[in-house]
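The sequence and the model are shown below.

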Amino acid sequence: MTTPFVQAHTMFLVLVSPTGQYSIWPAVLQVPAGWQVVHGVACRQSCEDFAAALRVDLPTAA
């Protein structure tokens, strides 16, 4: 049995937790308590692109 996380036709959301953590979440599942929708309902690629745009490049240790 496949889960909504891997099904090709599943639509997704981008969520943010109260601590600022982002997650791509299947739109068919209930949003966990305390998390907020910041993007979607959209295809997985759209959500991945949105989340990638939010990432901050941190300097690497030399």
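## Surface and basis of the model

The accessible surface of the chain comes to about 4,600 Å², and 59% of it belongs to carbon and sulfur atoms. Accessible areas come from the Shrake-Rupley method with a 1.4 Å probe, and for residues only the protein chains shown count as cover. This is a predicted model, in which local features need pLDDT of at least 70 and side-chain atom pairs count only at pLDDT 80 or more, while totals for chains, interfaces and linings use all residues. Residues are numbered from 1 along each chain as its sequence is written, and side-chain values use heavy atoms, with hydrogens and water left out.

Of the 62 residues, 21% count as buried (buried is under 20% relative accessible area, exposed over 50%, and partly exposed in between, with a 1.4 Å probe and protein chains only).

## Secondary structure

The chain has one helix and three strands, in the order β-β-β-α along the sequence. Helices (H or I, at least four residues) and strands (E, at least two) are DSSP runs, numbered from the N terminus.

Among contacts (heavy atoms within 4.5 Å) between residues at least 6 apart in sequence, 30% join residues at least 24 apart.

Strand S1 covers residues 12-16; five of its five residues are buried, so the strand is largely enclosed by the rest of the structure. Phe12, Val14 and Val16 point one way from S1, while Leu13 and Leu15 point the other way. In a regular strand the side chains alternate between the two faces of the sheet.

S1 pairs with two strands, where pairing requires at least two DSSP bridges between them. With S2 (residues 22-26) the pairing is antiparallel over five bridges, and Phe12 stands opposite Pro26. The hairpin of S1 and S2 has five residues between the strands, and Gly20 there takes a positive phi near 90°. With S3 (residues 36-42) S1 also pairs in the antiparallel sense, over five bridges; here Val14 stands opposite His39.

Tyr22 belongs to strand S2 and is partly exposed, at 41% relative accessibility. Together with Val38 and Leu54, Tyr22 makes a nonpolar surface patch of about 240 Å². Patches are made of residues with over 30% relative accessible area and no salt bridge; like charges are joined within 9 Å, and nonpolar side chains (Val, Leu, Ile, Met, Phe, Trp, Tyr) within 5 Å.

Ala51 lies in helix H1, residues 44-54, and is buried at 15% relative accessible area.

## Salt bridge

The whole structure holds one salt bridge, defined as a side-chain nitrogen of Lys or Arg within 4 Å of a carboxyl oxygen of Asp or Glu. Glu48 forms this bridge with Arg44, and the closest N and O atoms are 2.8 Å apart. Both residues lie in helix H1, four residues apart, about one turn of the helix. Glu48 is partly exposed at 29% relative accessibility, and Arg44 is partly exposed at 36%.

## Cysteines

No disulfide (a pair of cysteine sulfur atoms within 2.5 Å) is found in the whole structure. Cys43 is in none, and the nearest cysteine sulfur, that of Cys47, is 6.9 Å away. That distance is too far for a bond. Cys43 is partly exposed, with a relative accessible area of 39%, whereas Cys47 is buried at 0%.
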